[in-house]
Amino acid sequence: MIRDQETLAILLANVARFVREQLVPNEELVAETDEVPADIVAQMKAMGLFGLTIPEAYGGLALTMEEEVLVVLELGRTSPAFRSVFGTNVGIGSQGLVLDGTEEQKRKYLPGMATGELIASFALTEPEAGSDAASLRTSARREGDRYVVNGTKRFITNAPHAGLFTLMARTNSDDPGAGGISAFIVEAKTPGISFGKRDRKMGQKGAHTCDVIFDSCRVPAANLIGGVEGRGFKTAMKVLDKGRIHIAAMCVAAAERMLADALAYAVQRKQFGQPIAGFQLVQAMLAESKAEIYAARSMVLDAARLRDEGLPVATEASCCKLFASEMCGRVADRAVQIFGGAGYMSEYGIERFYRDVRLFRIYEGTTQIQQLVIARNMIRELGVPQFDR
Ligand code: COS
């Protein structure tokens, strides 16, 4: 739902200019140094990017899902690592609190997240609990006015920079499933938290992940999100519904960028006496990519509008993430193909995108998890008794 077309247009134009003038020229530097320069992070803060989705009352821009998607469609036209700097504050790191936190919790933590002073990470995945998130083992045992947390979280985006974690941990050891899980806000400086070394990854240099280890870490009971035990898994799933639409928009934007680069290359690169864009087999790759991007863009905007209307969008979010991330992978593959030998060479940049976008099919739920969510929801909607749990 777009609230004010004029203000949104200014924001989108500013973001597009920032991407074009500041981010794109620094893509290679970030890939080489594995760091986003501090002055770029400072500009992101000044533009309010850390607080895109945080309610205005806590200092954010309170974008609707549709507005957020439109911003991401601009932001994503560069290396995905740039978005990661503030991505967890906009999405998975903050939204548990926004959706289910108490007023007091929001007042304490959201303003810092909105300015970017506090980096928020989402700590769900564990060494033995990836796709099967409900099987997580990190425990939070109540002792007086504290919970004692023990366990290890894995591949946690922005953990090396985090000021706090939205942590999912098991408060009820008698319930091994989703119902035994609670969500907490845990400050990164809490004694008992330590960090693994930074993971070395296939791509997305400049975006950092690592293990987070909780060893008898004592978290105030006041930091139980919403103040109620056993709701953490649902909080995580709701956060991921939103996150999956956001990531799908990232996929569309990255695919648009790769296609633009491939098209620009195809019209200047000559073989057999003419630009390769004149050959129908190359045109087929361009056209397939264009059509698929258009389909994904339409899906993402539709799902965003449905969410803004307050409708449940778990199925649509998974459809978007499934289709857009797979589409992005196909476009990346075709873009490398259109570049030919140059596509394999680092200096042309397209192989870097090819590696960077591979993650889209994996994080915030693999393609296979999206398929499972969609099909299970379809079957449930039928209400056939033998499929009832
Ligand atoms: N919104 C609100 N509630 C939801 C929900 C959603 N989108 N999805 C599930 N729930 C609820 C269910 O309704 C159920 O509650 P009840 O028992 O009260 O009915 C509870 O959560 C458990 O759901 P379910 O039984 O579907 O859980 P499963 O363990 O069978 O499977 C999947 C859940 C596989 C879908 C989940 O674990 C998942 O998404 N895994 C991928 C995790 C992921 O994306 N990780 C990426 C890393 S984080 S960046």
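Predicted model: local features only at pLDDT ≥ 70, side-chain atom pairs only at ≥ 80, totals over all residues.
D356 belongs to helix α11, residues 350–356 (helices are DSSP runs of H or I with at least four residues, strands are runs of E with at least two, and both are numbered from the N terminus). Apart from residues up to four places away in sequence, D356 touches S79, P80, G203, Q204 and K205, where contact means heavy atoms within 4.5 Å. Of these residues, Q204 is 152 residues from D356 along the chain, and the two C-alpha atoms are separated by 4.9 Å.

The domain assignment divides the protein into domain 1 (5–115), domain 2 (120–230) and domain 3 (234–387); bounds of this kind come from an automatic or database domain assignment. Between the C-alpha centres of domain 1 and domain 2 the distance is 23 Å. Contacts between the two involve 23 residues of domain 1 and 21 residues of domain 2. The size of an interface is often given as the accessible area lost when the parts come together. For domain 1 and domain 2 the buried area is about 1700 Å², with 55% given by carbon and sulfur atoms (the accessible area, 1.4 Å probe, that two parts lose on being put together, summed over both). D34, Q105 and Y109 account for 29% of the area that domain 1 buries against domain 2, more than any other three residues.

Polar contacts between domain 1 and domain 2 number 14 residue pairs, both residues at pLDDT 80 or more. A polar contact is a pair of N or O atoms within 3.5 Å; within protein, one must be able to donate a hydrogen and the other to accept it, and residues adjacent in sequence count only if both atoms are side-chain atoms. On the side of domain 1 that touches domain 2, two or more residues each come from α2 (27–33), α5 (80–90), α6 (95–100) and α7 (103–115). The most are given by α5, with 6 residues. By class, this side of domain 1 has 10 nonpolar, 9 polar and 4 charged residues (Ala, Val, Leu, Ile, Met, Phe, Trp, Tyr, Cys and Pro count as nonpolar, Asp, Glu, Lys and Arg as charged, and the others, Gly among them, as polar).

Side chains of opposite charge can pair when their charged atoms come close. A salt bridge is taken as a side-chain nitrogen of Lys or Arg within 4 Å of a carboxyl oxygen of Asp or Glu, and by this rule the count comes to 22 salt bridges. E67 pairs with R3, with 2.9 Å between the closest N and O atoms. Because E67 lies in helix α4 (residues 65–75) and R3 in the segment before α1 (5–23), the pair ties together parts that are 64 residues apart in sequence. E67 is buried at 2% relative accessibility, while R3 is partly exposed at 46%.

Between domain 1 and domain 2 there are 2 salt bridges. A salt bridge also joins the side chains of R198 and E35, at 3.1 Å from N to O. R141 and E143 form another, at 2.7 Å from N to O; R141 is partly exposed at 46% relative accessibility, and E143 is partly exposed at 34%. In the salt bridge of D145 with R146, the closest N and O atoms are 3.9 Å apart. D145 is exposed at 53% relative accessibility, and R146 is partly exposed at 29%. Salt bridges that share partners connect E27, R257, D261 and R352 in one network.

D211 lies in strand β7 (residues 209–220) and is buried, at 13% relative accessible area. The side chains of D211 and R154 make a polar contact of 2.8 Å. Beyond neighbours within four places in sequence, the residues in contact with D211 are T152, K153, R154, F155, S194, F195 and G196.

Definitions and conventions: Residues numbered from 1 in each chain as written. Heavy atoms only, no water. Buried < 20%, exposed > 50% of the residue type's maximum accessible area, 1.4 Å probe, protein only.
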